[in-house]
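Have a look at the fold before reading on.

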Amino acid sequence: LYSLSGMSLNSVDNSIFANNMLSLDNLNTNAIAYNQYGIYLQSGSNNKIVYNNVYSRSLNQSTKRTHGFALGTPTLISESNIVKNNIIVSEGYGYAISYRPSTVIETNKYDFDFSNNFYYKKNTGSNQNLALFSYNGSNTTDTSDWKTQTKDTISSFNEDPLFDSWGDELFTTCINLCAKGTTIEGVTHDYYNKERPSEPEKKPCIGAREFDPPLNNIYVFETG
C-alpha cells in the first residue's frame, strides 16, 4: 500500500496545524493500491488540527482513494489532540475522515477530540463510496453514528460548504460557517492574516478564512 499526504505526521507533539487549504486528487494509474491523505496524523499528543479547508477527490478506482483526514493508529500512542473548526469535503471513493482509535496511556484521556467541523460527501457516480467516514475500518454513512462512535459534538455539521470548485483556493462565503466555530488558543488570525474573533464576544468562522456573513446566502453555481 503506497500513500501520499499533504501533511504526513508521526510522533508529533505540541504542534498546531491551522489555516491550510488543501486540494488532493488521486489520479494514480499503478496496479497497486495507492491512497492519499490531506492531513495524516499517525501518532502524537497535544496537537491542534484546526481551521483547515480540505477537498479530497478520488473518482477513478476504489483501490486509489483520497481521504481528507487520516487520524490515529491502534498500535501507537496519541493523546489530547483536537480536531476542530475544519471544513472537509470528500468526493468519490475516499472518506472525509478515516479514524482509527489509538492507544491512550493516561486514564480519562482521549486520543482525538472532534467538534465544530463541517463534513460533506459529494456524490458524483453510482459506483463510488457513499460513506462519509471510516471508523476503525468500518464505513459510517450516518453522521449520528459517527458522533456516537467518536463523541463528536452536536456542534459539528453535515452540510455543503459551497466551495467554488476543487483545486481553487477553496473559497466560500457560506453563511452557515459564520460564528459556528470555537475559539482555539494560539490561533488568532486566518489564512489571510485577518484577526479572528474570540468568545464570549463572538464565535469565529469554521474554516481557513474568517469573513463577515453575506446579506443573503444565494449562491450561483453556473450561468448560461
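Predicted model: local features only at pLDDT ≥ 70, side-chain atom pairs only at ≥ 80, totals over all residues.

Residues are numbered from 1 along each chain as its sequence is written, and side-chain values use heavy atoms, with hydrogens and water left out.

Let's start with the sheet. It is open, has five strands in the order S4-S8-S12-S15-S18, and pairs in parallel. Strands here are DSSP runs of E with at least two residues, numbered from the N terminus, and two of them pair if DSSP finds at least two bridges between them. S4 (21-25) and S18 (157-158) sit at the edges with a single partner strand each, so one side of each has no neighbour in the sheet. Further in, S8 (residues 53-58) and the parallel S12 (residues 87-92) are joined by six bridges; Tyr55 has Val89 in S12 as its bridge partner.

Now the packing. A nonpolar core is a set of buried Ala, Val, Leu, Ile, Met, Phe, Trp, Tyr and Cys residues joined through side-chain atoms within 4.5 Å, where buried means under 20% relative accessible area (1.4 Å probe, protein chains only). The largest one has 23 residues, and Ile49, Phe69, Leu71, Ile97, Phe114 and Tyr119 touch the most other members. Strands supplying at least two residues each include S1 (2-9), S5 (34-41) and S9 (66-71). A second, separate core of 16 residues includes Val89, Phe157, Leu162 and Cys178.

Asn86 is 32 residues away in sequence, yet the C-alpha atoms of Phe118 and Asn86 are 6.2 Å apart. Leaving aside residues up to four places away in sequence, Phe118 has contacts (heavy atoms within 4.5 Å) that include Asn86, Ile88, Phe157 and Leu177.

How many disulfides are there? Zero, from a search of the whole structure, taking a disulfide as a pair of cysteine sulfur atoms within 2.5 Å. The sulfur distances below are too far for a bond.

Technical notes
Helix = DSSP H or I, 4+ residues; strand = E, 2+ residues; numbered from the N terminus. Buried < 20%, exposed > 50% of the residue type's maximum accessible area, 1.4 Å probe, protein only.
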